[in-house]
Amino acid sequence: MSPSIHPTLSLILLLLISPSCLSLVSSSIQDDFVQCLDFNSELLVPLSTFYNQKSSNFSAVLQSSAQNLRYLVPSVPKPEFIFTPLIEGHVQAAVICSKELRIHLRVRSGGHDYEGLSYVSEIETPFIIVDLSRLRSVSVDLADNSAWAQAGATIGEVYYRISEKSRIHGFPAGLCTSLGVGGHITGGAYGSMMRKYGLGRWERIYSGPSEEGGGASFGIILEWKIKLVPVPSTVTVFTVTRTLEQNATKLLHRWQQVVDKLDEDLFIRVIIQAPSASGGKAGRTVSTSYNALFLGTSDRLLGVMKKSFPELGLKRSDCTEMSWIKSVLYIAGYPSGTPPEVLLQGKSTFKNFFKAKSDFVRDTISETALEGLWNRLMQEDSPLMIWTPYGGMMSKISESSAPFPHRKGTIFMSQYLSLWNNASEDAAKHMDWIRRLYNYMAPYVSNFPREAYVNYRDLDLGMNKNGTSFIQASVWGAKYFKDNFDRLVQVKTKVDPDNFFRHEQSIPPLPLSLRGKWTTD
């Protein structure tokens, strides 16, 4: 914890602060920024925390946690410099100086924003990145069933530090272990225990507006107090794959009918692919992999499956019992036998050029519609879909209780991805394919609005141009937050009326003409 911040303020929401009166004359943006930081920081800011475009390791630092390679190509705008603060007070000073010097600021925790918004600005320049990767401490307090995690830590590091202290405690957050704590929690931290416990919870010590929605629109939360949950000493995992030739269509249709009603201890997602075949398109098929975590032993799991989803044909030989921390590695796709210490590396195992979209499904998709979906998947080189089950605790929480609204009535969330490995490939071809797939799925998913998951950012839904427009933002705001968008706008208007914290899909403040006239319940 920073010596410059009072312990009771470990969870910090950095809102706008009146800038100090400085008169700076220097030859570059970075020089001005460094002088301003030193004036506003209790501890000196080392020059080693800065990486500008002339630095030999600038590209390495920029790419270090960036997940989507589409946003690292030379034609994409680059920051003037990257600042990697060492203490929490440095971040507060960076906000003050960015405002005073009128330099647009982006904040990066884990670099997983699907459209690169934490490290790219295509709407205004110059811009800088405040990279929180050096603020990554995790402290676990089992007596309080809690942990403190700084925003630069990854979810995998949080999991590992919990497991160091206990085999029977966990945290119900993401399946991808390189997710940064900061961005993941503010967008709604779902994972393989969501049906049992809901989204990853944090204790509201400071009444901040960024809980489960609107991350990077209000301020910067530097440290989270998260609530731990009990897990059994033994859990069970399995992955069962079925192709079209193995009745995959009927099986997936049945999965939709039962998955949100299964035992809350059971999470079964479906990973859908159309792998390339050696015989060309003629030999290609679609595979559906049922990837599961059960909070209990294989004996009890087999009983649950026999009663609720016998069609999968799960056998004891399909099941593997292990500790919860090893199940984290299994679900994340690490090879068998990988030691948990790999989670401390904080590195993404998934770096591609990709475009993604999301949907929420409330009614069973027919077998005929699924067959049409298969035809479209086999038109793309490397398609991927992931269907994530809802129900359980997710159905018991009101959609208005927090900004994340996708709860009761949702059967599953669908994520669509097109992936490619080379910058020389025709990106437009892949982008066109996924947009056509998204259009095909429209009749089978939620509508009015057609919902989307904010952590699967999609700029096709619209983006701010020439400032943040309330009318423009209402389009994607309703998709991400439904009626909660109006409440987020009210908060934004109160805490950041000048719209300092902004990006291509940030929450807007109310127009001046509406302030004081428009209220929500």
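This report walks through a sheet, a helix pair and a hairpin in a predicted model.

## Ground rules

Residues are numbered from 1 along each chain as its sequence is written, and side-chain values use heavy atoms, with hydrogens and water left out. Because the model is predicted, local features need pLDDT of at least 70 and side-chain atom pairs count only at pLDDT 80 or more, while totals for chains, interfaces and linings use all residues.

Helices (H or I, at least four residues) and strands (E, at least two) are DSSP runs numbered from the N terminus.

## The four-stranded sheet

Let's start with an open sheet of 4 strands, ordered β1-β2-β4-β3 with mixed pairing; two strands pair if DSSP finds at least two bridges between them. β1 (50-52) and β3 (104-108) each have a single partner strand, so one side of each is left without a neighbour in the sheet. From one strand to the next, the twist averages 25°.

β3 runs parallel to β4 (residues 127-131), with 5 bridges joining the two. Within this pairing, L105 has I128 of β4 as its bridge partner.

## Helices α4 and α9

Helix α4 (residues 155-165) and helix α9 (residues 324-332) have axes that come within 9 Å and cross at roughly 160°. Axes here are lines fitted to C-alpha atoms, for helices over the stretch in contact, with angles from 0 to 180 degrees between N-to-C directions. The two helices are therefore roughly antiparallel (an angle over 145 degrees). Where they touch (heavy atoms within 4.5 Å), Y159, Y160 and S163 of α4 meet W324, I325 and V328 of α9. Sorted by class, this contact has 5 nonpolar, 1 polar and no charged residues; Ala, Val, Leu, Ile, Met, Phe, Trp, Tyr, Cys and Pro count as nonpolar, Asp, Glu, Lys and Arg as charged, and the others, Gly among them, as polar.

Which residues of α9 are buried? They are W324, I325, S327, V328, L329 and I331, where buried means under 20% relative accessible area (1.4 Å probe, protein chains only). Their cover includes α4, β7 (169-170), β10 (235-243), β11 (266-273), β12 (287-294) and β13 (320-322). After α9 comes G333, with a positive phi near 95°.

β5 pairs with β6 (residues 146-150) in the antiparallel sense over 4 bridges, and D141 stands opposite S146 in β6. The hairpin has 4 residues between its strands, and N145 takes a positive phi near 50°.

Key:
Parallel < 35°, antiparallel > 145°, perpendicular 65-115°, else oblique. Buried < 20%, exposed > 50% of the residue type's maximum accessible area, 1.4 Å probe, protein only.
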